[in-house]
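Have the viewer open while you read.

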Amino acid sequence: MSKPIYVTQPYLPSLEELIPYLETIWNNKILTNCGPFHQQLEKALCKYLGVEHIALFTNATIALITALQALRITGEVITTPYSFVATSHSLLWNGIKPVFVDIDPNTLNLDPKKIEAAITTQTTAIMPVHCYGHPCDVDAIQKIADNYNLKVIYDAAHAFGVQCHCGSILNHGDLSVLSFHATKVFNTFEGGAIVCPDAKTKLRIDQLKNFGFVDETIVVAPGINGKMSEFNAALGLLQLKYVDQALARRKEIDTTYRKCLKNIKGIRCLNDAGEKIANYSFFPILVEADYPISRDDLYNKLKSSGIHPRRYFYPLISEFPMYRGLPSAHSDNLPVATAVAQQVLCLPIYPDLDRAVVHEITCFISTQSMCLQSK
Ligand code: T4K
């Protein structure tokens, strides 16, 4: 492979199309602090995503930290170990103790059947992740939250545009947090957002992301600076024009992978979205015991040939030093997540990925299998 093939690559419209946005910023000299592009993007995203209120942020990590503060979450929060480390870090930044619960082997999301056993008198909320953009079992989670009077904050960093049985997945729980990082299906270079159900909550979130200011002289909370700049908001408005096209291309790649990998012994693809609207943000495979080489051997061999898959999410969050001492972090408590983290490999998927390269990747995986079996 002449050029390295990364796990993802951002979709970028042409520079010519960006210039009018830059001219507007240069002319009106409003660079940040919730200016016109910021407001336009909030409205445009509400419409596109089918949600009522959205507050834009500099990134999803600051948005997660703020979401917990907006709902005044304290004590313990039940969450998944199988995610990007920012999920749990947002809890630690708020002085909250993460309580890890195992994942479902099919969806790789927090297993609702295991949540109740982890609830204590200190539990105030559940923070599940729609991992890879695959919807959590939102009804089961909500039922538990209602029974125990818990809040639900979804880390929806991967779930831009995902729909479930009753519309946008982002309308579930008390709040949902999106990431618009360069590696996501919709990006503003860096960026994120909180989706919230009512204007009052949005007002509180908007204050918290602007140092706690209500007006020039009144500060009501020790807020942070989490505002998205006009430049990032302009990028978002431009990207939004092409997001459907980008999603369609991702879907094609997902279909090709599934078709080409389906008969390779020891390679398991996660269930496809079926009738639901997915965003194909990742293409994870599980390299199981009956594949002739280990996941790490396959990972290294692919890398040597110029293809750079990623082991999202290995190691588990619960294995990092700041979490591993927690009683819930023990691998005995997390058998499914522990096994999956040893098997998972996310293959390259992004709109500009060539069909021929997808075939080369699947042939490579298939050939490894055949070479070793014939030895
Ligand atoms: N919650 C969840 C569930 C998340 O997955 C994330 C972030 C967050 C919360 C926090 O969201 P943010 O605060 O970031 O908005 C990447 C991303 O940095 C991170 O946003 C993402 N999840 C995570 C899954 O992946 P790395 O350290 O693996 O990224 P990196 O730099 O190795 O990039 C991966 C590949 O993408 C590279 O091999 C090449 C390509 N790439 C990357 C960048 C940055 C590009 O082609 N262009 C680029 O600009 O974390």
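Predicted model: local features only at pLDDT ≥ 70, side-chain atom pairs only at ≥ 80, totals over all residues.

Contact here means heavy atoms within 4.5 Å. Residues are numbered from 1 along each chain as its sequence is written, and side-chain values use heavy atoms, with hydrogens and water left out.

**Overall build**

- The protein's secondary structure comes to eleven helices and 14 strands (DSSP runs numbered from the N terminus: helices are H or I with at least four residues, strands are E with at least two).
- For 375 residues, a compact globule would have a radius of gyration near 21 Å, and the protein agrees, with 21 Å (taken over C-alpha atoms; the globule rule is 2.2 Å times the number of residues to the power 0.38).
- Along the principal axes, the C-alpha atoms fill a box of roughly 75 × 55 × 35 Å.

**Surface and charge**

- Buried residues make up 54% of the 375 (buried means under 20% relative accessible area, with a 1.4 Å probe and protein chains only).
- The protein carries 34 positive and 35 negative side chains, with the centres of the two sets 3 Å apart (Lys and Arg are positive, Asp and Glu negative, His and chain ends not counted; charges are placed at NZ of Lys, CZ of Arg, CG of Asp or CD of Glu).

**Strand β12**

- Five of the five residues of β12 (residues 283–287) are buried, so the strand is largely enclosed by the rest of the structure.
- In a regular strand, side chains alternate between the two faces of the sheet.
- Phe 283, Ile 285 and Val 287 point one way from β12, while Pro 284 and Leu 286 point the other way.
- β11 (residues 267–269) runs antiparallel to β12 and is joined to it by three bridges (pairing takes at least two DSSP bridges); Cys 269 stands opposite Ile 285.
- β14 (residues 344–347) also pairs with β12 in the antiparallel sense, over four bridges, and here Pro 284 stands opposite Cys 346.

**His 172**

- His 172 sits in the loop between β8 (167–168) and β9 (175–179).
- His 172 counts as buried because its relative accessibility is 14%.
- Leaving aside neighbours within four places in sequence, His 172 is in contact with Val 138, Tyr 154, Cys 164 and Cys 166.

Note on methods:
Buried < 20%, exposed > 50% of the residue type's maximum accessible area, 1.4 Å probe, protein only.
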